[in-house]
Amino acid sequence: MSSSGVTFAHPPDVVFSYLADPRNRPEWQSSLRAVEMLDDGEPRVGMRWRDLTGAGVKPLLHITELTPYRVWSETGTWRGITAELVLRFTAVGAGTRVVAEVEVTGSGPWAPVATLVGRLAPAALRHDLARAADVLAARA
């Protein structure tokens with residue numbers, strides 16, 4: 001599992017609430033055009049949605065762990081690729097350090113694609129989390 005992290009200028013409750021809600025993702029995740037929610041309500045374990053990416057890929061995702069202000073994770077699948085993302089939240093002074101851990105696996109002809117995506121994922125996550133920090137800073 002690869003990891004990368006970003007420090008936010010907001011407390012864990014604010015950062016967690018923002019990042020844990022899939023409906024906010026198009027604001028900060030650069031690869032997304034939209035999110036299609038398959039379940040209504042507040043974020044919870046099992047909540048499902050589809051990411052609608054600029055590349056036309058539409059993975060199915062669901063929340064696998066939600067421990068308020070500490071840990072949030074998801075699993076996404078598309079064809080022969082599975083991606084697991086874990087976000088860990090730690091209070092740092094008045095702010096929050098978010099460390100993202102990602103693992104991408106693939107089967108059959110999708111294995112080489114998964115390997116490439118897995119190598120690119122940490123830098124993309126760092127960029128997207130920095131963008132999320134900027135979005136929250138602009139709202140303050």
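Helices (H or I, at least four residues) and strands (E, at least two) are DSSP runs, numbered from the N terminus. The model is predicted: local features need pLDDT of at least 70 and side-chain atom pairs count only at pLDDT 80 or more, whereas totals for chains, interfaces and linings use all residues. Residues are numbered from 1 along each chain as its sequence is written, and side-chain values use heavy atoms, with hydrogens and water left out.

- Leucine 60 belongs to strand β4. With a relative accessible area of 29%, leucine 60 is partly exposed; buried means under 20% relative accessible area, exposed over 50%, and partly exposed in between (1.4 Å probe, protein chains only).
- Leaving aside neighbours within four places in sequence, leucine 60 is in contact (heavy atoms within 4.5 Å) with Leu38, Trp49, Arg50, Thr75, Gly76 and Thr77.
- Between leucine 60 and threonine 77, which are 17 residues apart along the chain, the C-alpha separation is 5.4 Å.
- Valine 14 is placed in helix α1 and is partly exposed, at a relative accessible area of 32%. From valine 14 to valine 102 the C-alpha distance is 22 Å, and the two are 88 residues apart in sequence.

**Salt bridges**

- Side chains of opposite charge can pair when their charged atoms come close. A salt bridge is defined here as a side-chain nitrogen of Lys or Arg within 4 Å of a carboxyl oxygen of Asp or Glu.
- The structure contains 5 salt bridges. One of them joins arginine 139 to glutamate 27, with the closest N and O atoms 2.8 Å apart. Because arginine 139 lies in helix α3 (residues 111-139) and glutamate 27 in helix α2 (residues 25-28), this pair ties together parts that are 112 residues apart in sequence.
- Arginine 139 is partly exposed at 49% relative accessibility, and glutamate 27 is partly exposed at 35%.
- Another salt bridge is formed by aspartate 39 and arginine 48, whose closest N and O atoms are 3.1 Å apart. Aspartate 39 counts as buried at 14% relative accessibility, whereas arginine 48 counts as partly exposed at 36%.
- Glutamate 101 and arginine 88 also meet through their side chains in a salt bridge, at 3.1 Å from N to O. This pair links distant parts of the chain, with glutamate 101 in strand β7 (residues 95-106) and arginine 88 in strand β6 (residues 81-92), 13 residues apart.
- Glutamate 101 is buried, with a relative accessible area of 19%, while arginine 88 is partly exposed at 36%.

**Nonpolar core**

- In soluble globular proteins, nonpolar side chains tend to be buried together. A nonpolar core is a set of buried Ala, Val, Leu, Ile, Met, Phe, Trp, Tyr and Cys residues joined through side-chain atoms within 4.5 Å.
- The largest nonpolar core comprises 31 residues, and those with the most contacts inside it are Phe8, Leu19, Trp72, Leu87, Phe89, Val98 and Leu129.
- Two or more residues of this core come from each of β1 (2-8), α1 (12-19), β2 (32-37), β4 (60-67), β6, β7 and α3. The element that gives the most is α3, with 8 residues.
- Not counting residues up to four places away in sequence, leucine 87 touches Leu19, Arg70, Val71, Trp72, Val98, Val99 and Ala100.

**Largest pocket**

- On a 1 Å grid over the protein atoms alone, a pocket is an open set of points where a 1.4 Å probe fits, with protein on both sides within 12 Å along at least five of seven lines; lining residues have an atom within 4 Å of a point.
- The largest pocket has a volume of about 820 Å³, a volume being the space filled by probe spheres set on the points, which are joined across faces, edges and corners.
- The pocket is lined by 30 residues, of which Gln29, Ser31, Thr53, Ala83 and Val117 are the closest to its centre.
- At least two lining residues are supplied by each of α2, β3 (48-53), β5 (71-78), β6, β7 and α3. The largest share of the lining, 8 residues, comes from α3.
- The lining divides into 18 nonpolar, 7 polar and 5 charged residues; Ala, Val, Leu, Ile, Met, Phe, Trp, Tyr, Cys and Pro count as nonpolar, Asp, Glu, Lys and Arg as charged, and the others, Gly among them, as polar.

**Positive phi angles**

- Tyrosine 69, although not a glycine, has a positive phi of about 70°. Tyrosine 69 lies in the loop between β4 and β5 and is partly exposed at 42% relative accessible area.
- Arginine 79, also a residue other than glycine, has a positive phi near 50°. Arginine 79 is found in the loop between β5 and β6 and is exposed, with a relative accessible area of 65%.
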